[in-house]
Amino acid sequence: MRSSAEDPDDDLTVTPPKEWAAGLPAVTHALRHALGQTSVQRTALTLLTLNQSKGIDCPGCAWPEPPAGKRHLNEYCENGAKHISDEATSRRVTREFFREHSIADLGARSDRWLNQQGRLTEPMVKRPGATHYEPLGWDEALDLLAGGLKSLDSPDEALFYVSGRLGNEPAFLLQLFARAFGTNNLPDCSNMCHESSGSALSETLGIGKGSVQLDDIHQADLVFVVGQNPGTNHPRMLSALEETKRNGGHVVAVNTLPEAGLIRFKNPQKARGVVGRGTRIADHFLHIRAGGDLALFQALNKLLLEAEDAAPGAVLDHDFINAHTTGFTEFAEHARKVSWEDIDTATGLSREEIERVFDRVLESRKIIVCWAMGVTQHKHGVPTIREMVNFLLARGSIGRPGAGVCPVRGHSNVQGDRTMGVWERMPQRFLDALEKEFGFTPPTRHGLDVVNAIRAMRDGRARIFLGVAGNFVRATPDSAVTEEAMRRCALTAHISTKLNRSHTVCGDTALILPTLGRSDRDVHEGVERFVTVEDSMSQVHASRGKLPPASPDLLSEVAIISRTARRTLGTSPDLPWEEFEADYGTVRDRISRVVPGFEDFEARVSRPGGFTLPNPVNSYVFPTPSGKAVFTRNDLTVPEVPPGHLLLQTLRSHDQWNTVWYAPDDRYRGIHNARRVVLVNPADLDELDLADGATVDLVSVWHDGVERRAEDFRVVAYPASRGSAAAYYPETNVLVPLDSVADISNCPTSKGVVVRLEPAG
Ligand SMILES: Nc1nc2c(c(=O)[nH]1)N[C@H]1C(S)=C(S)[C@@H](COP(=O)(O)OP(=O)(O)OC[C@H]3O[C@@H](n4cnc5c(=O)[nH]c(N)nc54)[C@H](O)[C@@H]3O)O[C@H]1N2
Ligand SMILES: Nc1nc2c(c(=O)[nH]1)N[C@H]1C(S)=C(S)[C@@H](COP(=O)(O)OP(=O)(O)OC[C@H]3O[C@@H](n4cnc5c(=O)[nH]c(N)nc54)[C@H](O)[C@@H]3O)O[C@H]1N2
Ligand code: SF4
Ligand SMILES: [Mo]
């Protein structure tokens, strides 16, 4: 796939990577973006209420806000401002637009161009055989969808995809609808994101979520930031790490790239941050080989055991280990045997570097490990996280203040959607609670996750796809296979705010169902309504839109889901869909009885700042089968890369939000005016006999023998760790084989794709 004509990609300029993130240039940059999309008044309304306790929850990421009384007036970052103003744009996609542009024409446009056309305004349909979308009324649109669902041979032929932008109330209703309809087919973006975290944490700690709060980060002695680029993807995490440092704590960054925010941070909310050199964030930077994190934590565990031998009782937390864990002996026996030679090969780090960090570990009682996609999207992501858990358990750094696990979530409500039951494998106790509350027996057979959903469409086993938020065909691996699979469906439908590529890859019939976004006011009979979200640290709070809706013809997500459900299943006293649509409080009431931790939901979430869900781990209660935290033994695995090849990671630029890019720039990495670039270490370029600036095709190598190729990428000599390469997603999704998934979690290996670089012909 080449870049499209309206986004010329041959203006690449490269400047030295930045050593700091945020600060004044970042904020002015954000405002420039905001004012290019909408009016000064709309910008002010959205930005001033962003992340305030009666305002709009920032859709940018799931990083938490400080408690209600401790917030700044501008409690947002550059990227948060960009994301919300992208939604609050004054541009509109109308029926005239769809008349003018055929679906084939839209399919040839870039992700940016599609997004830039503005907000969707009314329901549209592509009928069988048609070349264009045409308008239709809501009743007809939802009748079509419900009619399609009712005509299926089995409820398992339907797929209900959810992206983490969706609030709790619509998410709860969607899973209720899917299960009352008869299927657990609820693939979600989490399947491609933190699924490995959920798998590893549920097995070892009994709960698939992080255990720390913001205050823990502030109080920690030592924070590891592994496989994560907070300067771009969770910018306000840097303020929290700045506080850690001010309190005397230290930070270790582990990354294949020297990311700007990890090195220095200028806090835009503080004069010192704006004018000074900023705070140095990482005390240690481990420039690790791609996929080497499992070996790194095994090395640290080996060193812990050896230090304990030298000073019995001084290193490991025996009281904690004895009282609260199982499996220590097997773990220890295994960890001792790991060889330094293997560690060296896997990490590319010297023993001295690792020992320097280990000295810091010995000085620290309260340790937190944070991680994101650089860990979860590898084949061995689950064992890597289990090994991090081993490390924390050995030091007793779980459950106490200032210590614990911190998977840093992406989408603003991706964690909440799971809590609400959006998962293809919800535990029986959740299904039982649904049955008790609503009087029907939910299906128990596990549903399809993202990868299996694509296989099912490909093989004709799934025939209707409903996507709620998100951009399925761009977010998923193996783009050519996925698009073909989607086109085989009888009906595809998307509940969306903005146009994206998924709308151009249609089943026989295709629907666009436009909806209110976070920033839009949601008013029913004069009453203003709100939805709720849960952040990465299990804080649940309200989000209230502030702007007049983008169009009078938009419905809320709750309304679209409730109306579709009523048309499909009929009305019954047990499932009062009209009531849910009319009053979101009635949905919260149901949630309060089905989902543990949500008792008295309406009252508690109405308080400024909301409430925090309990995490049993912090009371040393581990909901595993044994009731204890579990040490695991993990075989050291290293991605195998044949000679002449590199391990490609597909990641985000600074000017993009997942599948949507705003500008072809990645300021902190010094990349300007281009997205089809591949970052490679100069020594690797020498070995491969490639020049900085050369144009190459990326060709991925997989044992099915199929050639997957992404054409015309410019090579940029960059301090990527040896043997690795980095290029932006979603342009590179075409290279990720559908069957290349993480063990156990089935997460696509978006950070571990074996490629060769072929000079472009
Ligand atoms: N502005 C902005 N913010 C976002 C998003 C966005 O697209 N734009 N997306 C949101 C979402 S959904 C998510 S999930 C998060 C994602 O947040 P991140 O996980 O920070 O996202 P990526 O850009 O995928 O970056 C992966 C990081 O891991 C590093 N890495 C890659 N491979 C390895 C490895 O083997 N070992 C180690 N130690 N490091 C490695 C990369 O160099 C990079 O720094 O961000 C959220 N926030
Ligand atoms: N190669 C590769 N692939 C990846 C990743 C990677 O690192 N590398 N990362 C993966 C990760 S971590 C994730 S989370 C997924 C992201 O996958 P998705 O969540 O599916 O993708 P997004 O780009 O976030 O979806 C953007 C679309 O969401 C819609 N939208 C935005 N706001 C709203 C709203 O409020 N309501 C509704 N109904 N719609 C809305 C808009 O129409 C917009 O076009 O991608 C995954 N794919
Ligand atoms: S850190 Fe994340 S949630 Fe907070 S303002 Fe920035 S993008 Fe929004
Ligand atoms: Mo994500």
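A residue counts as near a ligand here if one of its heavy atoms lies within 4 Å of it. With that in hand, welcome to these close-ups of a predicted model.

**View 1. The shell around ligand 1.**
Start with the residues that surround ligand 1: there are 34 of them, and N255, E259, G291, D293 and N658 are the closest. Sorted by class, this shell holds 19 polar, 11 nonpolar and 4 charged residues. Domain 2 (195–407) and domain 3 (645–759) each contribute at least three residues to the shell.

**View 2. Polar atoms facing ligand 1.**
Zoom in on N255, where a side-chain N or O atom is 2.6 Å from an oxygen atom of ligand 1. T256 also takes part through its side chain, with a polar atom 3.4 Å from an oxygen atom of the ligand. At Q656 it is the backbone that is involved: one of its polar atoms is 2.8 Å from a nitrogen atom of ligand 1. On its own, ligand 1 has 920 Å² of accessible area, and the protein covers 99% of it.

**View 3. The surroundings of ligand 3.**
Here you can pick out N51, C58, G60, C61, Y76, C77, G80, P235 and R236 around ligand 3. This shell is made up of 5 nonpolar residues, 3 polar residues and 1 charged residue.

**View 4. An open sheet with parallel pairing.**
Follow the 5 strands across the sheet in the order β12-β9-β8-β14-β15; they pair in parallel. At the edges you will find β12 (284–287) and β15 (404–407), and because each has a single partner strand, one side of each has no neighbour in the sheet. From one strand to the next, the twist averages 15°. For a closer look at one pair, 4 bridges connect β14 (residues 367–371) with β15 in the parallel sense. Within this pair, I368 has G404 of β15 as its bridge partner.

**View 5. An open sheet with antiparallel pairing.**
This sheet has 3 strands, ordered β21-β22-β23, and its pairing is antiparallel. The edge strands are β21 (531–534) and β23 (611–612); each has a single partner strand, so one side of each is left without a neighbour in the sheet. Strand β22 (residues 539–543) runs antiparallel to β23, and 2 bridges join them. To find your place in this pair, look for Q539, which stands opposite T612 in β23.

Technical notes: Residues are numbered from 1 along each chain as its sequence is written. Chains are lettered from A and ligands numbered from 1 in the order in which they are written. This is a predicted model: local features need pLDDT of at least 70, side-chain atom pairs count only at pLDDT 80 or more; totals for chains, interfaces and linings use all residues. Side-chain values use heavy atoms; hydrogens and water are left out. A polar contact is a pair of N or O atoms within 3.5 Å; within protein, one must be able to donate a hydrogen and the other to accept it, and residues adjacent in sequence count only if both atoms are side-chain atoms. Accessible areas come from the Shrake-Rupley method with a 1.4 Å probe; for residues, only the protein chains shown count as cover. Ala, Val, Leu, Ile, Met, Phe, Trp, Tyr, Cys and Pro count as nonpolar, Asp, Glu, Lys and Arg as charged, and the others, Gly among them, as polar. Domain bounds come from an automatic or database domain assignment. Two strands pair if DSSP finds at least two bridges between them. Axes are lines fitted to C-alpha atoms, for helices over the stretch in contact, and angles run from 0 to 180 degrees between N-to-C directions.
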